[in-house]
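We will walk from one element to the next, with something to pick at every stop.

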Amino acid sequence: MTVFEEKAALREKYRALRRGTDPAAAASASEAICARIASLAAFRYASSVLLYAAMPGEPDLTALAEKALAEGKTVAYPRSEPGGRMTFRVVRSLRELEPGLYGIPAPSEDAPLWEEDGKPSLCAVPGLVFDRRGTRIGHGGGYYDRFLPSYHGTAAGAVFSGFLIPRLPGGRYDIPVGLLVTEKEVVIPRGKK
């Protein structure tokens, strides 16, 4: 089986598991993940926080966004652009998010573009499943795989503990995250691939 085939099978398996996620348990775990991320130095010292709007079964980081906005941090969300690109756009309120590609809430196309300015930033990275080395399998669009190589801040995978496994197949274009945050622990991956 090729890496591509392995990833496709794992994607299907974890999509099915995600559909079975108990909403009350997910809400409680999401709160714990937000609290863990908020306690990290990478969040406390970040001037910008790049978040995502959760799809069903993903950790909901709304509480983290509200905390970052209340603390005066720049908050940005991804927007899918033509050509398979993803940009992050700044929002001043979560009410500025509107249905985007695949119905996922995103900033409008006229929202200010977020650009790295040399100040500390934190990017919360979603995924269907992560491994303890920081490798992830997403939905297959490759948006974060194209974004992360040029990102210089801290990339943290936000993941429910049941979706953090020992090892995933990885390819040369897979960019591991530098931190993994579950409702139970913070993991600092020890090696790439």
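Begin by selecting strand 6 (residues 121-125) and strand 9, which run parallel and are joined by four bridges. Strands here are DSSP E runs of at least two residues, helices are H or I runs of at least four, and both are numbered from the N terminus. Two strands count as paired if DSSP finds at least two bridges between them. Show L122 and you will find its bridge partner T154 in strand 9; V125 stands opposite G157 of that strand.

A word on what you are looking at: this is a predicted model, in which local features need pLDDT of at least 70 and side-chain atom pairs count only at pLDDT 80 or more, while totals for chains, interfaces and linings use all residues. Residues are numbered from 1 along each chain as its sequence is written, and side-chain values use heavy atoms, with hydrogens and water left out.

Stay with strand 9 (residues 154-158): four of its five residues are buried. Buried means under 20% relative accessible area, exposed means over 50%, and partly exposed lies in between, with a 1.4 Å probe and protein chains only.

Select helix 2 (residues 23-39) itself. Its 17 residues reach 24 Å from first C-alpha to last, close to the expected 24 Å, a span found as 1.5 Å times one less than the number of residues. Color its buried residues: A26, A29, S30, I33, C34, I37 and A38. What covers them? The cover includes helix 3 (41-44), helix 4 (62-70), strand 6, strand 9 and strand 11.

Pick I37 next. Not counting residues up to four places away in sequence, I37 touches F43, L61, L64, L122, A158 and V181, where contact means heavy atoms within 4.5 Å. I37 is also among the residues with the most contacts inside the largest nonpolar core, alongside L51, L61 and F88; that core has 55 residues. Helix 2 gives the most to this core, with six residues. A nonpolar core is a set of buried Ala, Val, Leu, Ile, Met, Phe, Trp, Tyr and Cys residues joined through side-chain atoms within 4.5 Å.

Strand 2 and strand 3 run antiparallel, with seven bridges between them. P78 stands opposite F88 in strand 3. Three residues lie between the strands of this hairpin, where G83 takes a positive phi near 80°. Six of the seven residues of strand 3 are buried.

Is R89 buried or exposed? It is buried, at 13% relative accessible area. A polar atom of its side chain lies 2.9 Å from the backbone oxygen of A111. Leaving aside neighbours within four places in sequence, the contacts of R89 include V75, Y77, E81, P107, E109 and W114.

For another arginine, select R18 in helix 1 (residues 3-19). R18 is buried, with a relative accessible area of 9%. A polar atom of its side chain lies 2.9 Å from the backbone oxygen of G127. Beyond its neighbours within four places in sequence, R18 is in contact with P56, G57, E58, G127, L128, H139 and F163.

Last stop: Y102, in the loop between strand 4 (98-99) and strand 5 (105-106). Y102 counts as exposed, at 67% relative accessibility. Check its backbone too: phi is positive, about 60°, although Y102 is not a glycine. Most residues other than glycine have a negative phi.

Key:
Polar contact = N/O pair within 3.5 Å; in protein donor to acceptor, adjacent residues only side chain to side chain.
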